[in-house]
Amino acid sequence: MGRDGRDSPHLDHKEDDIRIAIGQISHETNTMFGPPTPVEEFQRQGWFHGQEIIEQYERARTYVGGMIAAARDLGVEAVPTFAAQAHPSGTIERAAFERMRDELLSAIRAAGAVDAVCLALHGAGSAEGVDDLEGTILQAVRDVVGLDVPLIATLDLHCHSTGTMISNATALLTVHEYPHVDGYERGYEAVELAVRALKGEARPVMHLEVLPMTIPPTTSFHGPVREINELCWEWESRGGIIDLTFVHGYPHTDVPIISTSVIAVANGDAALAREAARDVAARIWGMRDRFLANLPLPDEAIRQALDTDGGPVVIAEVSDNPGGGSPGDGTHLLRALIDARLTSAAFGFIYDPETAQQAHDAGPGATIAARIGGKTDPAMMGAPVEVDAYVKSVTDGQFITQSPMGRGGRRSLGRMARLVVGGVDIIVGSESNQTIDAELFLLHGIDVNRYRIVALKSQNHFLAGFEPIAARIIRTDPPGWTTSNLRSFDYKRISRPIWPLDEVSWP
Amino acid sequence: MRIAIGGVSHETNTFCAGMTELADFQGSMWELGQDLLDAHAGVRDDLGGMIDAAARLGIEVVPTFFAATQPYGTISREAYERLRDELIGGLRSTLPVDALCLAMHGAGVAEGADDLEGALLQEIRALVGPDVPILVTLDLHGNITQTMVDNSNVLLGCHLYPHTDMYERGIEAVELAQRIVSGEIRPVTRLAHIPMLVQAAATGIHPARTVNEHCAEWESGPGVVDVTFFHGFPYTDTPDVGVTVVATTNGDADLAERAARDVARRIWELRDDFRQQLPTPAEAIQQALDTDGCPVVIAETSDNAGGGAAADGTHLLKAMLAADLRDAAFGFIYDPETVEQAHAAGVGAAIQAFIGGKTDALHGTPVKATAYVKTLTDGRFTLQGALAKGMKIDLGRTARLVVGGLDIIVGSDRQQTYEPELFLLHGIDVSRCKIVALKSSQHFRAGFEPVAARIIRTDSPGATTNDFSLFPYQRITRPMWPFDEGVGIRE
């Protein structure tokens, strides 16, 4: 599938005149677990209009930050409209979706005549009655601005790519990296490409190749994804291909559109786009077995860690990743660390506002009878850990991300506490969030380099912040909402057959 | 072989308004028997060195009694008598032993004993008799007296300031004890006194380093066991105050005398180099801002709890707030009231605080500020740096407040800041700060020199100021340099 380019009447745009509307609606939706996400969650976590968007994002290494920087560097006007985001959670309520859609559309209308629109979307958004949030939004924006205005969106690679998205967008630019350290660069590129399109220097045409497969979250820093990325970059270097991306897809949701796919954006040549996309898709299919995960349970992970020379060994509990919609209060790994009677381990962090409040009330120096974690789904994720815990320090949970992925971004995790149970330092927080760098530990007085084992909840985003300092990285996959063991999910709506759940032949 | 270990260690600032009481020792370090071993095993201090050396040499260590507390005012009579009785009683109960290794300071002053160490050593010598070797590790800030020399066999002052070599002196004490008991050496000690008051002088730089090199040259010669330059402790108003050189040889009194005199002469020649010119707080801040790189460490030498100061002075803190700095941290200021207020208000609150300046007028008035409470801690951490690594620090409860672009750590115990660990506990990475301010005279160098872009010491009115003219000396022996003309030394 592709979208025909048409000659634009605005080919002679000069930078001084160019106005590019920028906006964002970003959510990774897990329709299988967790209550529906109301609009209040977006309003609380990230809800900005107009100039607020500039203030919030201009110094952060994120998609919108990249768009703002590119506009400034190219001397075009970035017209901020509406931006909303929330961390991964359950199906977006219908009313929330409609509200966000209406906010975005009315802000774009109110911006007057714009020459292009650049949106930071996610790709795995779903609302009640709207499986394909991004396709629906892109279509609605296209209806407002018309066919001649370049409409370019950045995407997370955990995206369900659909025909609706391809046919309504001028170009889709998906990050290549996971951890998504290149979100800023994609945002920058989106504005750059819009300007080139306006000046007639580029005429994007797209091709989408969908594979009947789904993969667990897999890093791009090394391994099979890196090899695929290198193939994509080789295509991009030959000229004619503006962008070629392996879109991993998002498996922790139950909608018909989940898939793994390849999106090619070529400069005017639809056949080239198709050829490139199919080449990469075939390579992915050929190495699909390498995406099967076989991860140890916590006890085994700890054993492996203790057998490793040096430290710190980072153990990531991938199945309870708030960055994938899991609540972050599972206790399987935490319990295993305490039971192992370790003398040098740090856990950062577990989501438990009750225990955090209890620690704040008791104050540093006190010992509390704590029930840590395990409150959202004890049956699958583990019951609360009942221990006497020493309160070492309590904080306001505010820090600034240092990881290359999103550096400069302000995080606020509410009241937090550092507890000590035997030889294990445990950080407890009041907001669900994955840990992507050591800042959280530093805030609580912990230098991770001194610990034998550092445990955290994340699937891959932690790599950018921890790979440079870890002696070894071990992923553990006990039962949880974001487990890599995809066969354990009771899917009802996904399109079958799909590998690895079913035997499939392709093409 | 059996060695009894123990001691009493205090650096007494007789200008402090209050006295050092028995409760201060009991609440700080008060170690009997096994407690002494537990507290110092694995710690890089003098007793830790003694314990390790004895283990290595297969010598039985008998722990007796050790007590110490933060430098502060004259030790009360009650405290002195109790300390004396515990130490003497503890030693008595271990006899017979082959040697005594004692950890002391050298600048202790009590009601009824201007020379605390001399008085204790006199009684100890009377207890054990003339044949049991007595070796004493000391701080180079000791005001060493002939009484101390006469009632011991070897005095081992640390050579370094920051005192990163206390552990090594402890090792040496036990090694020498063994060599004395075996008859291999017969120590003879001579002392040279210089009527000089010296400001806190780090031994990593001239002139103290130059003098140390001179001592080392003497020590490299045959028959010389030790030559130590004792800086003395100037914040004391007793007749013994001053600089001393203590030289110990193997049986050669004349050699010891010559060594002591020679080093004393060298120190006297360099006396003008010992005068320091320190900037005011405002000047120090400007110098820091003009410096490339991070962090620049500003040390308020005049409010050093390590010398008996109150650690709640506000001169530097006020200047930093007035300068409206970004990326700056102050760690820490003593103010248990403000800590209490922060804990009661809770994390996330903004409090109307009056910070510091509650001890007296000399150290400045309280700083009035609206402060955001970011973090509260239990104030406990373990030293990681070259100075006393392994020692446990307890500041009582603490708070990290934020006022504008300045992070302020407030603590509940009067102590100096030795190293970045204090800041880490509160979530601050000092390498990201433009300016890091702290209260210490020189000890902080051990922890901060490895990380600082630059170190600036600042002087302001305070109990450990460089400006000795602020103190009402009445009992020091005159003439005394730098106060008097016509001071000379015995050649």
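Trainee: Where in chain A is P312(A) found?
Mentor: In this predicted model, a cis peptide bond joins G311(A) and P312(A), with omega about -5°. Most peptide bonds are trans. As for its place, P312(A) lies in the loop between α10 (298-306) and β10 (313-317) of chain A.

Trainee: Is D324(B) buried or exposed?
Mentor: D324(B) sits in the loop between α11 (315-322) and β11 (328-334) of chain B. Its phi is near 50°, a positive value in a residue other than glycine. Most residues other than glycine have a negative phi. Exposed means over 50% relative accessible area; D324(B) has 53%, and therefore counts as exposed.

Trainee: What is the relative accessible area of D327(B)?
Mentor: D327(B) also belongs to the loop between α11 and β11 of chain B. Phi of D327(B) is positive, near 55°, and the residue is not glycine. D327(B) is classed as exposed because its relative accessible area is 51%.

Trainee: How far apart are the end C-alpha atoms of helix α9 of chain B?
Mentor: Helix α9 covers residues 253-269 of chain B, which is 17 residues. At 1.5 Å a residue the helix should span 24 Å, so the expectation agrees with the distance in the model, 24 Å.

Trainee: Which elements of chain B do the buried residues of α9(B) pack against?
Mentor: The buried residues of α9(B) include L255(B), A256(B), V263(B), I267(B) and W268(B). Charged residues are also listed there, among them R261(B) and D262(B). The elements of chain B against which the buried residues pack are β7 (187-194), α8 (208-219), β8 (224-230) and β9 (243-250).

Trainee: What is the radius of gyration of chain B?
Mentor: Chain B contains 14 helices and 19 strands, and its C-alpha trace spans about 65 × 50 × 40 Å along the principal axes. For 491 residues, a compact globule would have a radius of gyration near 23 Å, so there is agreement with the value for chain B, 22 Å.

Trainee: What share of the residues in chain B is buried?
Mentor: Among contacts in chain B with a separation of 6 or more, 75% join residues 24 or more positions apart. Buried means under 20% relative accessible area. Of the 491 residues in chain B, the buried share is 63%.

Terms used
Residues numbered from 1 in each chain as written. Chains lettered and ligands numbered in written order. Predicted model: local features only at pLDDT ≥ 70, side-chain atom pairs only at ≥ 80, totals over all residues. Heavy atoms only, no water. Helix = DSSP H or I, 4+ residues; strand = E, 2+ residues; numbered from the N terminus. Rg over C-alpha atoms; globule rule 2.2 N^0.38 Å. Buried < 20%, exposed > 50% of the residue type's maximum accessible area, 1.4 Å probe, protein only. Contact = heavy atoms within 4.5 Å. Expected span 1.5 Å × (residues − 1).
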